[in-house]
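Here is a briefing on the disulfides of one protein model. Look over the sequence and structure first.

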Amino acid sequence: MGLRTAGSVLVVFLWSVAVALGQNGWSVTYTKKSICTLKGSTVEMSCSYTYPSGTVTTNFWFTKKYAVENYVNLRKDPDYKGRVIYRSDKTNGHTLTITDLRESDSAEYKFRFITDQTGGKYSGYPGVTLSVTDLQVKVTTTWWSTTLTCSTTCILTGNPTYIWYRNSKIVQGASSPSYTVYFKTEDRFYCAVKDINSPAVSVEGHSYFHVTYTHQRICTLNGSSVDISCSYTYPSGHTVSETIWYTKGKLNEAPQILSPGYGGRVEYLGNMQSDSILRITDLREEDSAEYKFRFRTDQTTWEPTFPGTTLTVTGLQVKVTPATVTEGQKVTLTCSTTCTLSDNPNATYIWYKNGHVTNQSISLFLNPVSSEDAGRYSCAVEGHEDLPSDEETLTVTCEDV
């Protein structure tokens, strides 16, 4: 998306607790005391009014009054030429619409009406305070990150959502007015509300503390081995003195440090200065956890707050459909896991009957099944034949004659 062009539209609809002022049957009730909206957008201000008698002959909105009875109708004000729309309804309601808002439009807007009765004139004071602001990105840099904040001079009405762009591509949508950069970059960032964009800013190419995990999730087999890897950066002038992998448990549990040689199943690999690999062998289902990395330099210890790698360890299980098998039916045997295997999402399975290979396919179909198909079935993932499932006994009942 490019930067804002004239004609971008952000309409603020305001229907809230009314504010009414008046006397002796005269009143103007505004739907909102104040509005904050964006430069280049469109705003609507509404009111209703009452009067004791007569017929309304004239009504208009104004911000300027030069002398007694010298009110400047917004539609005739050259500062608003071509940008003002009036809309009335049958129940003494009136709506002012201003398009292509400018910061100079910030003012107090009042409604005035005149009837055909002598002295039948009334203006609603105080009116609606309109504040028009632009979007600006404020940059706050610390030694570990840069935080970008989509800033305005007033609090935008209507709880807007913000979209963040990095080189014109969305990186954070329908989210908060802040975006944090943890990596070294010379990219340009800007924020947007609806179709209104801020100017783009560049982030200085500092090197922050940051850990990037190779995989967000890993699913692998019980009994196999896994490599969980990451790369990391830190400011120049620091020297890495220690690296640690650990599992993140429940909030009230202390993290479990996975030191090399722990239980004889853990090994650290990598250059230990910019990347690290945690290798765990002979995996068990209780190894399923979120694995995170932290490192220490000669000046500080860095533990990231963002997610690590979630490891799920699954066994293989043979499922028979239907559960009760009668001769002549169609029977399907499925090699089931609790998650999709990361290194082989479309795995081919080796099927065994009574310990001998019988087929090689995703599922085993017996159609029609016969008494000769009865036996003990197990399966294994191709390439991991040493990690078969437990055996499942298939019993075939003869059809009633």
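This is a predicted model: local features need pLDDT of at least 70, side-chain atom pairs count only at pLDDT 80 or more; totals for chains, interfaces and linings use all residues.

Residues are numbered from 1 along each chain as its sequence is written, and side-chain values use heavy atoms, with hydrogens and water left out.

**Overall pairing**
- The whole structure holds four disulfides (cysteine sulfur atoms within 2.5 Å).
- With the bonded cysteines numbered in sequence order, the pairing is 1-3, 2-4, 5-7, 6-8.

**Cys 36 and Cys 154**
- Their sulfur atoms sit 1.9 Å apart.
- The link is right-handed, with 75° about the S-S bond.
- Cys 36 is in strand S4, and Cys 154 is in the loop between strands S14 and S15, 118 residues apart (strands are DSSP runs of E, at least two residues, numbered from the N terminus).
- Cys 36 is buried at 5% relative accessibility (buried means under 20% relative accessible area, 1.4 Å probe, protein chains only).
- Cys 154 is also buried, at 19%.

**Cys 219 and Cys 339**
- This disulfide has an S to S distance of 1.8 Å.
- Its torsion is about 80°, so it is right-handed.
- Cys 219 is buried at 4%, and Cys 339 at 18%.

**Cys 335 and Cys 379**
- The sulfur atoms of this disulfide are 1.9 Å apart.
- Both cysteines are buried.

**Thr 37**
- Thr 37 lies in strand S4 and is buried at 1%.
- Its side chain makes a polar contact with the side chain of Ser 41 at 3.2 Å (N or O atoms within 3.5 Å, one able to donate a hydrogen and the other to accept it; residues adjacent in sequence count only if both atoms are side-chain atoms).

Key: Helices (H or I, at least four residues) and strands (E, at least two) are DSSP runs, numbered from the N terminus. Buried means under 20% relative accessible area, exposed over 50%, partly exposed in between (1.4 Å probe, protein chains only).
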